Amino acid sequence: MRKLRVAIVGSGPSGAFCAEALAEEAEYDISIDVFEKLPTPFGLVRYGVAPDHQKIKSIVASLAEIFEMPGVRFLGNVTVGSDITMDELREHYDAVILAAGAPLDRRLGILGEDLRGVVAARNFVSWYSGHPDAAFDTSLLDAERAVVVGVGNVALDVARMLVRTPDELRRTDVPEHVIEALAEHAVREVHVIGRRGAEHAKFTNKEFLELTEVASADVVVSPSELATPEVESARASAGPATSRLLAALQAAADRPLHGRSRSIHFHFDRTPVEFIGDTAVRAIQLAQTSAPETLSTLEAGLVLPAVGYRSAALEGVPFNESTGTIPHRDSRVVEGDEPVPGLYVVGWIKRGPSGVIGTNRLCASETTGAILEDAPLLRDAGSSPEAVDELLDARGVEVVDWSRWLAIEAAETTRGAAAGRDRVKLHDRLGMLAAAGVSVR
Ligand code: NAP
């Protein structure tokens, strides 16, 4: 039986689903190495899905089973590009799948975007998720008003996390220092800004309804936001998802406020024009999108643009700067018009940053389908797991394999037990490596 060796770059859902599909394949004997720059697996499931969405996060149990399948190895704490180059990967593996996700932020491209206090939502998400590379200045939480730009599900996640109480947060796995900072913060009002009308909101009905059920905050939707001809026409002709969402927004607009200590306000048809401030943001200037000469100013000491993620180019791999994705034909990476032999792509770096975890299953099956179709023609790299281990070892790379990850996980549950919680995440790389039993050279 032909043996195939496949490297996957990235251990989030799209990479994991590829590993699963390949490991289950009966026609070939496939061994799969999943490279991950962090010491921890699962990508955005660990560092993007909101901590209070434990039900969605429970998918880690199924993802873990994939990494424990025969033929699949997890190589954490290995950065492709520096610890091992893309050329070396291609030399050691018959096929390489790029599943590196979207670790950057889209920019708004307006004045003042670099002022202190304007922080891409991803930084805040990474911080409260305990990402080891997260940098978030907690003094920004002294602001009484925060603005979230964008009306997608990430915008709702960050708005919700800003109003969660410490008791609610203790039911999650967020690190203790995050709970303490959020417990003390001064933010009372969160304003969420959509550049188009409410009928174009990208967040889903389920997530909006969840927000209305948060006990600590009122959700404020002015009836005038929904009394537009466009919303009226969408009510009459839009599909079921938009109709449900508009009905939920209307119900929120009609409901009397509870007078809670915090509030989340929705504004639509508002385009950010400029962030105002000297060194730190003081306010955001907005133009009415449908009447751009109508300007308004909203004071805020913290602004979190949640306008989408962006993939990063990988050295030696074609990249389309305008779409922020790797160009491909049927999941085969292309350079110009020509497929690059043995190079495949999956997930957000292939499709762009949209879709839920499950979307990646179909995406992964397209990618692995392409590999299996090409398999008879793929070059036999003639390498071995030992050769890759030796290469990394010679460079002093401390690989966090699956058993080391399990040791990190055990340390997190032990911490949790000590604090009366299920799990408390480790959030610093050295702490993770120590828990993994790695002696840092
Ligand atoms: P998204 O759904 O694409 O939302 C991005 C938002 O930013 C949109 O409202 C967009 O408005 C706005 N935007 C983009 N450029 C802008 C600009 N220059 N000025 C003002 N606004 C701008 O992206 P996301 O919220 O990052 O979510 C990414 C994916 O993850 C989505 O598929 C999402 O559903 C998923 N996700 C799911 C969950 C969940 O299921 N609970 C949680 C988090 C994320 P336009 O529509 O006008 O472009």
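How far is an oxygen atom of the ligand from an N or O atom in the side chain of Asn153?

Mentor: The distance is 3.0 Å, from an oxygen atom of the ligand to an N or O atom in the side chain of Asn153. A word on the basis: this is a predicted model, in which local features need pLDDT of at least 70 and side-chain atom pairs count only at pLDDT 80 or more, while totals for chains, interfaces and linings use all residues. Residues are numbered from 1 along each chain as its sequence is written, and side-chain values use heavy atoms, with hydrogens and water left out.

A polar backbone atom of Val151 is 3.0 Å from an oxygen atom of the ligand. A nitrogen atom of the ligand is 2.9 Å from an N or O atom in the side chain of Glu207. These values can be read against the cut-off for a polar contact: a pair of N or O atoms within 3.5 Å; within protein, one atom must be able to donate a hydrogen and the other to accept it, and residues adjacent in sequence count only if both atoms are side-chain atoms. How much of the ligand is covered? On its own the ligand exposes 910 Å², and the protein buries 84% of that. The areas come from the Shrake-Rupley method with a 1.4 Å probe; for residues, only the protein chains shown count as cover.

Now the shell. There are 19 residues around the ligand. Val151, Arg195, Arg196, Glu207 and Gly355 come nearest. Helix α7 (residues 153-163) gives the largest share of the shell, 3 residues. Helices (H or I, at least four residues) and strands (E, at least two) are DSSP runs, numbered from the N terminus. Domain 1 (3-103 + 311-399) and domain 2 (108-308) each supply at least three residues of the shell. Those bounds come from an automatic or database domain assignment.

Next, a contact away from the ligand. The side chain of Asp52 makes a polar contact with the side chain of Arg160, at 2.7 Å. Asp52 lies in the loop between α2 and α3 (54-57). Asp52 counts as buried because its relative accessibility is 18%. The rule: buried is under 20% relative accessible area, exposed is over 50%, and partly exposed is in between (1.4 Å probe, protein chains only). His131 also has a relative accessible area of 18%, so His131 is buried. His131 is in the loop between α6 (121-128) and β6 (145-149).

Then the rings. A pair of aromatic rings is described by the distance of the centres and the angle of the planes. Rings of Phe, Tyr and Trp (its six-membered ring) pair if their centres lie within 6.5 Å; planes under 30 degrees apart are stacked, over 60 edge-to-face, and the rest tilted. That rule gives 16 aromatic pairs. Phe42 and Trp405 are edge-to-face, 5.9 Å centre to centre with 85° between the planes. This pair links distant parts of the chain, 363 residues apart: Phe42 is in the loop between β2 (29-35) and α2 (44-47), and Trp405 is in helix α17 (residues 402-418). Phe42 is buried at 3% relative accessibility, and Trp405 is buried at 1%. Phe67 and Trp402 are stacked, 5.1 Å centre to centre with 20° between the planes. They too link distant parts of the chain, 335 residues apart, with Phe67 in helix α4 (residues 60-67) and Trp402 in helix α17. Phe67 is buried at 2%, and Trp402 is buried at 11%. One aromatic cluster holds Phe42, Phe67, Phe74, Trp402 and Trp405.

Finally, two backbone angles. Asp269 is not a glycine, yet has a positive phi of about 60°. Asp269 is in the loop between β9 (262-267) and β10 (270-277). Ser331, also a residue other than glycine, has a positive phi near 80°. Ser331 is in the loop between β15 (328-329) and β16 (332-335), and is buried, with a relative accessible area of 2%.

Key
A residue is near a molecule or strand if one of its heavy atoms lies within 4 Å of it.
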